[in-house]
Amino acid sequence: MTAALANSAQITNRYLRAFLRQPYYIIGTLIQPVIWLLLFGQLFKSVADIPGFTAASYITFLTPGVVVMSAMLSAGWSGTSYVVDMDRGVMDRFLVTPVRRSALIGGELVYQAGMVLLQSLIILGLGYLVGARFPGGPVSIVLLLVATVLLGTAFASLSNALALILRKQESLIALNVSLTLPLTFLSSAFLPVNLMPEWMQTVARYNPVNWAVEVGRQTLSESVDWPFVAVRLAGLLALTLVCAWLSIRAFRAYQRSV
Amino acid sequence: MYVTIQPAGAPGATTTTIARPAVEAVGLVKTYPGKVQALKGVSFSVSPGAVFALLGPNGAGKSTIVKILTTLSRPNAGHASIVGHDVVREPERVRRLIGVVGQKSAVDLEATTAENLTLQGQLYGLSGGELRRRVSGLLERFDLTPARKRIARTLSGGMQRKLDVAMGLIHQPQALFLDEPTTGLDPEARAEMWREIARLAGEDGLTVLLTTHYLEEADHLAQQVAIIDHGQIVVEGTPEGLKAELRGDAIQVELADALPEAEIRAALSVLDNELREVVIDGRSLRARVDSGASALPGVLAALDAASIRAATATVARPSLDDVYLRYTGRAYAETEDKEQIR
C-alpha cells in the first residue's frame with residue numbers, strides 16, 4: 001500500500017513537471033475557457049431576456065457550465081500521454097519495473113483531477129471578474145468542484161481506456177471531440193433545460209455532463225437542494241467508477257497484447 | 001533443428017553443467033492472436049557473467065523472447081527463469097533481478113537526464129541519499145554529468161541510448177537485457193556502446209543477453225551466440241566454435257557475367273573434392289575450402305578453362321555470416337531486405 005502511494009506520487013510528479021515545462025500548454029488551457037466565457041457570454045447575452053430564464057445574469061448562469069465543459073474537454077486529452085508513452089516504449093519500461101500497476105493508472109488520474117481543479121478555480125475567478133456571482137456561497141462552490149472533478153476523472157479514465165485500445169493519437173482525438181461536444185450541447189451548459197426542445201430535455205436528463213452542470217448551478221440559488229444534488233453526485237460517482245473499471249480492463253488487455 | 005556446437009579442439013570442454021544459469025529458457029512457445037506463431041519452442045541457457053547474443057533478422061522472434069524473459073509477455077508453453085526464479089510465477093522477484101533496455105529508446109523526453117534516472121530508481125523503491133549516489137554515479141559513468149539538467153528531448157540519439165542503459169542499471173540488476181542496443185546509432189556511438197557492454201560484462205560481472213541483427217556485433221561481444229530464424233534457434237555455440245565448425249575459409253568469386261547455375265557448377269566439377277557448400281547466387285559464387293589461398297588459383301583456372309570470366313575474387317576466414325548462411329540456407333544480407341546492415 002505504501003509502495004503504491006509512493007509510486008502514485010512519483011507518477012503524478014512526472015506529469016506535473018512536464019506540464020510546468022510547457023508554457024504554451026498552460027496558456028492554451030487557460031485561454032480556451034476565457035474564450036468560452038467571454039465569447040458565449042456576449043453571444044448569448046440576450047438569452048437572459050427570454051421568458052423562462054430565471055438566473056440573475058447570463059454570465060452567472062454560464063460560468064458553472066464553462067467550468068464543467070472545460071473539465072471534460074481537457075480530461076478528454078488525458079489518453080494522449082498514454083499513446084505517447086506506448087509509442088515511445090516508456091510504458092513497457094515502466095512495466096518491467098516492480099512499480100505498482102495501480103500507481104501507473106492512479107498517479108495519472110490524480111494529476112488530471114488536480115488539473116481540473118486548478119482550471120475550475122481559474123474559471124470561477126475569471127467569471128467573477130466579468131460579473132458572475134455565486135449566491136449559493138462556498139458550499140455550493142465546493143459541490144460544483146466535486147461534481148466537476150468526478151466528471152473530469154471519469155472522462156480521463158475513458159480517454160485512457162480508449163488510448164490503450166486504439167493506440168493512435170488521431171483516432172483518440174477524433175473520438176474525443178465527437179463525444180464531448182455533443183454531450184456539452186445536450187446539457188444545460190449554455191441554455192436552461194426548459195428552453196430546449198423536448199427530446200433534448202429527455203436526453204439531458206440522462207447526460208452525466210448535465211448532472212454535473214446542474215449540481216454546479218447550486219451556486220445560483222441561495223440554498224442547496226440536497227436530495228437533488230445527492231442523486232446527481234451518486235450518478236457521477238457511479239460513472240467515474242465504471243470508467244475507472246474500463247480503463248483497468250483496457251490496461252490489462254494492453255499488457256496481454258505486448 | 002537444434003544443434004549445439006562446441007569450440008573446436010576442446011570437445012566437451014564447456015559442457016560442464018552449471019547449477020543455476022543466469023537465464024534459462026525451456027521450450028518457449030508464443031502465438032499471437034491472428035495465429036502468428038512467433039516462437040516455436042525456444043530453449044537456451046546463459047551462464048552467469050556471460051554475454052549471450054540472440055542473432056537473427058527482423059521478425060525472427062528475438063524481441064518476443066526478450067519480452068517473455070522480462071515478464072512483459074507470457075509464453076503459451078514452456079517456461080523461463082532468471083537466476084532460478086520463474087518469470088511467470090515470480091514476476092515481482094524477476095523484475096528486481098533484471099535490467100531492460102528496449103529496442104526503442106524509452107527515455108521520457110519531457111524530463112531531464114537526472115529526472116529520468118531518479119524516477120526509474122524510485123520505481124524500484126530507491127530513495128534518499130542512496131538514490132542520489134546511484135544517480136550521480138551512473139551519470140558519471142556514462143559521461144552524462146554535464147547533461148544532467150538537460151531535457152532528454154535535446155540529447156543526441158547516442159546520449160539517449162546511454163541514458164537508457166544507465167536507467168536499466170539503477171537498481172543494480174544481475175542480468176541485463178539489451179534489445180538491439182545499437183540499431184540506429186552512428187558508427188561512433190555504436191563503438192562506444194560496444195565498449196560499454198563489454199565493460200558491463202567484464203568489470204561488473206553482469207550477465208548480458210543482447211539481441212542483434214548485426215553479425216559483427218554478436219561476433220565482437222558475445223561468448224555465446226544463438227542464431228534464431230522463424231521463431232526457432234537453428235544453432236547455438238561460441239562464435240569461435242561456430243566458425244570452427246565450418247572448417248576452412250570462405251572463397252567468393254564475383255563473375256563478370258551472369259550465367260546459368262548449371263554451367264558454373266559444370267565448370268567447377270573438376271574441383272568436387274576440394275569445394276564444399278557451393279552456393280551460386282546470381283553472379284556471385286561462394287564455396288568453402290580447407291585453405292583459401294591454395295584453392296583459389298584452382299577455382300579461377302577451372303572457371304577460365306570453361307571461359308567464365310571472374311571479376312573479383314576474395315578469400316575470407318569464416319565469419320558468422322557464413323554460419324548464418326549454412327544453418328538457414330540464406331545469406332544474411334538477403335534476409336534484411338532494404339535495411340542497411342552496416
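**Exercise 1. Describe the side of chain B that touches chain A.**

Solution. Count contacts: 21 residues of chain B are in contact with 19 residues of chain A. Contact means C-beta atoms, placed from the backbone, within 7 Å. The model is predicted: local features need pLDDT of at least 70, side-chain atom pairs count only at pLDDT 80 or more, and totals for chains, interfaces and linings use all residues. Residues are numbered from 1 along each chain as its sequence is written, and chains are lettered from A in the order in which they are written.

Next, assign elements. Helices H2 (91-97) and H3 (113-123) of chain B each supply at least two residues of this side. Helices are DSSP runs (H or I, at least four residues), numbered from the N terminus. H3(B) gives the largest share, 4 residues.

Then sort by class: 7 nonpolar, 6 polar and 8 charged. Asp, Glu, Lys and Arg count as charged; Ala, Val, Leu, Ile, Met, Phe, Trp, Tyr, Cys and Pro as nonpolar; the others, Gly among them, as polar.

**Exercise 2. At what angle do H7 and H11 of chain A pack?**

Solution. Take H7(A), residues 137-166, and H11(A), residues 226-257. Their angle is about 20 degrees, and their axes lie 8 Å apart. Axes are lines fitted to C-alpha atoms over the stretch in contact; angles run from 0 to 180 degrees between N-to-C directions. So H7(A) is roughly parallel to H11(A), a term for angles under 35 degrees.

Finish with composition. The contact of H7(A) with H11(A) has 22 nonpolar, 5 polar and no charged residues.

Note on methods: Contact = placed C-beta atoms within 7 Å. Parallel < 35°, antiparallel > 145°, perpendicular 65-115°, else oblique.
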